[in-house]
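Here is a short tour of one protein chain. Have the sequence and the 3D view open as you read.

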Amino acid sequence: MSVPESRLPGPERSPGFLLWRVTLAWQRAMRAALAPHDLTHVQFVLLTTTWWLTRAGEPPTQRQLADQAGTDTMMTSQVVRKLADRGLLARADDPADARAKRLEVTPAGLELVAKALKDVETADAEFFAATDDGFVDALARLGP
């Protein structure tokens with residue numbers, strides 16, 4: 001029987017393990033920030049990303065939203081449908097592609113984005129207060 005060996009003295013020096021633990025703690029902070037707004041984190045991400053993409057140009061398709069958010073297209077479609085059912089997003093046929101849907105944040109969605117974004121950014125600032133801009137730059141280098 002082989003005995004496991006590690007180059008590390010323990011999990012407290014493992015970047016992956018530390019990232020896992022920090023991610024769980026950050027997700028708890030996000031859930032707490034979003035609870036008063038009756039939004040899950042993925043709902044917030046997709047709603048807010050739709051707003052960001054619309055600010056940068058024409059309303060995005062669901063596919064563009066999924067690509068920007070890094071989410072699965074099927075899950076994105078399901079969440080978008082729920083947001084539309086709540087009156088937070090509007091879906092319209094894309095004139096250039098009958099299979100695609102263009103997304104727009106409704107006035108009620110904009111109001112919710114304004115409130116929730118403020119709370120999420122405050123929670124982010126508090127959670128990451130012990131870091132500096134170099135941390136964000138490092139995360140950006142690790143991302144897709």
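## A buried loop residue

At 15% relative accessibility, Thr106 falls in the buried class, because buried means under 20%. The model is a predicted one. Thr106 sits in the loop that joins S2 to H5.

What does Thr106 touch, leaving aside its neighbours within four places in sequence? The contacts are Gly87, Leu88, Leu89 and Ala90.

## Helix H5

H5 covers residues 107–127, 21 residues in total. From the first C-alpha to the last, H5 reaches 30 Å. That is close to the 30 Å expected at 1.5 Å a residue.

Which residues of H5 are buried? They are Gly109, Leu112, Val113, Ala116, Leu117, Val120 and Ala123. These residues lie on the same side of H5, because they span an arc of only 135° around the axis. The general rule behind such a pattern is simple. An α-helix has 3.6 residues a turn, so residues three or four places apart point the same way.

The face turned away from the buried side looks different in its list of residues: Pro107, Ala114, Lys118 and Glu126 are exposed there. The buried residues of H5 have cover from several elements, including helix H1 (15–34), helix H2 (41–55) and strand S2 (97–105).

Leu47 is part of helix H2. Its relative accessibility is 1%, so Leu47 counts as buried. Along the chain, Leu47 and Gly109 are 62 residues apart.

Contacts of Leu47, leaving aside neighbours within four places in sequence, are Leu83, Leu88, Leu89, Val105, Gly109, Leu112 and Val113.

## H2 against H3

How do the axes of H2 and H3 cross? H3 is the helix of residues 62–69, and the two axes come within 10 Å and cross at roughly 110°. That angle makes H2 roughly perpendicular to H3.

On the H2 side, Val45, Leu46, Thr49, Thr50 and Leu53 take part in the contact. On the H3 side, they meet Gln64, Leu65, Gln68 and Ala69. By class, this contact has five nonpolar, four polar and no charged residues.

## H2 against H4

H2 also meets helix H4, residues 73–85. Their axes come within 10 Å and cross at roughly 85°. H2 and H4 are therefore roughly perpendicular to each other. H2 supplies Val42, Gln43, Leu46 and Leu47 to the contact, and H4 supplies Met75, Thr76, Val79, Lys82 and Leu83. By class, there are six nonpolar, two polar and one charged residues.

What is the span of H4? Its 13 residues should span 18 Å at 1.5 Å a residue, and the end C-alpha atoms are 18 Å apart, which agrees. The buried residues of H4 are Thr76, Ser77, Val79, Val80 and Leu83. Their cover includes H2, H3, strand S1 (89–94) and S2.

## Thr76 in H4

Thr76 belongs to helix H4. Is Thr76 buried or exposed? With a relative accessible area of 0%, Thr76 is buried. Beyond neighbours within four places in sequence, Thr76 is in contact with Leu46, Gln62, Leu65, Ala66 and Thr71.

Thr76 and Glu126 are 50 residues apart along the chain, and their C-alpha atoms are separated by 29 Å. Glu126 is exposed, on the face of H5 turned away from its buried side.

## The loop between H1 and H2

Two residues of this loop deserve a look. Ala35 is found between H1 and H2. Its relative accessible area is 54%, so Ala35 is exposed. Ala35 and Ala116 are 81 residues apart in sequence, and 9.4 Å apart in space, C-alpha to C-alpha.

At 56% relative accessibility, Asp38 counts as exposed. Asp38 has a positive phi of about 55°, although it is not a glycine.

Note on methods
Residues are numbered from 1 along each chain as its sequence is written. This is a predicted model: local features need pLDDT of at least 70, side-chain atom pairs count only at pLDDT 80 or more; totals for chains, interfaces and linings use all residues. Side-chain values use heavy atoms; hydrogens and water are left out. Helices (H or I, at least four residues) and strands (E, at least two) are DSSP runs, numbered from the N terminus. The expected span of a helix is 1.5 Å times one less than its number of residues. Buried means under 20% relative accessible area, exposed over 50%, partly exposed in between (1.4 Å probe, protein chains only). The arc is that of the directions from the helix axis to the C-beta atoms. Contact means heavy atoms within 4.5 Å. Axes are lines fitted to C-alpha atoms, for helices over the stretch in contact, and angles run from 0 to 180 degrees between N-to-C directions. Angles under 35 degrees count as roughly parallel, over 145 as roughly antiparallel, 65 to 115 as roughly perpendicular and the rest as oblique. Ala, Val, Leu, Ile, Met, Phe, Trp, Tyr, Cys and Pro count as nonpolar, Asp, Glu, Lys and Arg as charged, and the others, Gly among them, as polar.
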